[in-house]
Amino acid sequence: NAVPIEMGEPALIYRPFPKPAPEGEEQQLVSTLNDEERDQLALRHKAEGVVRVYADGIFDLFHQGHARALMQAKKTFPKVFLMVGVCSDELTHKMKGETVLDEEERYDSVRHCRYADEVITEAPWQITPEFMAKHHIDFVAHDAIPYAAADSDDLYGWLKRDGKFVETQRTKGVSTSDIITRIVRNYDGYVRRNLSRGYKRQELNVSYVAEKRIRLSQKIDSVREKVDSVKELLEERGNTLLEKWKEKSHDYLQDFVGLFGTNGRIATRLRRALTSDDEDEDGAAEARDTRSSSPL
């Protein structure tokens, strides 16, 4: 259960990790600190040898690439207090474009990451010395790709030059843009799925004509699936009969040969019948011969 610790407004709320956190950390700070609380915590960290590391981003559609980056930042030193800055909607839309999740959803996504000790909302696009001092940041963790801005070739350039930058590695094959591209590529499939689950076309931004076309296509696909199912069933039954025929064919053949073969039952009966007829004819002939040779 969450246990509130009174330290002024807003209250700090700590929660246990599901499992022990990296490097022996036992608690996770899930709210934003006020200035006084931040200063007190920074002093305690300094006394305890805890390094304060800052990582920033948009964190839209929070995925494993984000989590791995924060994990690396958390493990840059033996003892790390990781502050994660998340930019607001207003700033993000201005500098980068639309997001799928709004700022509150993105803040909360990061709060639920086990590696984040503090979430700094409405984070700046460009980190300044004043921001570093206010939050008592020792190092900034980010991938080393240069991020250009209007007045700079690399937003993190001055931090790299001052030795305040620690590099993290991006996770290959996963990014928010990749996920959005995947959704756009399979757009028709997702629209069909959601319509079949009861979503209204207005919720999906689908026109009346498009909805009718999709539903007709779904019916055609349903009929095709049923036809294919019946076809497979018939093929399966046909294959079953064929297998049974193969299994019984030897017995059938033996029965046929036994009945109609040279030594079969029918052939034997015919021979017997013919032999019997011959014997009868021979007997009759002998009888005639006997009568004709006997004296009157």
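## Basis of the model

Local features of this predicted model need pLDDT of at least 70, side-chain atom pairs count only at pLDDT 80 or more, and totals for chains, interfaces and linings use all residues. Residues are numbered from 1 along each chain as its sequence is written, and side-chain values use heavy atoms, with hydrogens and water left out.

## The sheet

Five strands form an open sheet in the order β6-β5-β4-β7-β8, with parallel pairing. At the edges stand β6 (118–121) and β8 (165–167), and each has a single partner strand, so one side of each is left without a neighbour in the sheet. From one strand to the next the twist averages 30°, where axes are lines fitted to C-alpha atoms, for helices over the stretch in contact, and angles run from 0 to 180 degrees between N-to-C directions. Strands here (E, at least two residues) and helices (H or I, at least four) are DSSP runs numbered from the N terminus, and two strands pair if DSSP finds at least two bridges between them.

Strand β4 pairs with β5 (residues 80–86) in the parallel sense over seven bridges, and Val 51 stands opposite Val 80 in β5.

## A buried strand

Seven of the seven residues of β4 are buried, so this strand is largely enclosed by the rest of the structure; buried means under 20% relative accessible area, exposed over 50%, and partly exposed in between, with a 1.4 Å probe and protein chains only. From β4, Val 51, Val 53, Ala 55 and Gly 57 point one way, while Arg 52, Tyr 54 and Asp 56 point the other way, and all are buried.

## The largest pocket

The largest pocket has a volume of about 930 Å³ and is lined by 37 residues, of which Gly 57, Ile 58, Lys 96, Tyr 147 and Arg 170 lie nearest its centre. The elements giving two or more residues to this lining are β4 (51–57), α2 (64–74), β7 (139–142) and α7 (176–185), and α2 gives the most, with five residues. A pocket is an open set of points on a 1 Å grid over the protein atoms alone, where a 1.4 Å probe fits, with protein on both sides within 12 Å along at least five of seven lines, and lining residues have an atom within 4 Å of a point. Grid points are joined across faces, edges and corners, and the volume is the space filled by probe spheres set on the points.

## Cysteines and loop residues

The structure holds zero disulfides, a disulfide being a pair of cysteine sulfur atoms within 2.5 Å. Cys 87 is buried, with a relative accessible area of 4%, and Cys 113 is also buried, at 6%.

Most residues other than glycine have a negative phi. Leu 61, in the loop between β4 and α2, has a positive phi near 50°, and His 136, in the loop between α5 (129–134) and β7, has a positive phi near 55°. His 136 is partly exposed, with a relative accessible area of 29%.

Val 206 lies in the loop between α8 (187–196) and α9 (208–260) and counts as buried at 7% relative accessibility. Val 206 and Val 191 are 15 residues apart in sequence and 8.4 Å apart in space, C-alpha to C-alpha.
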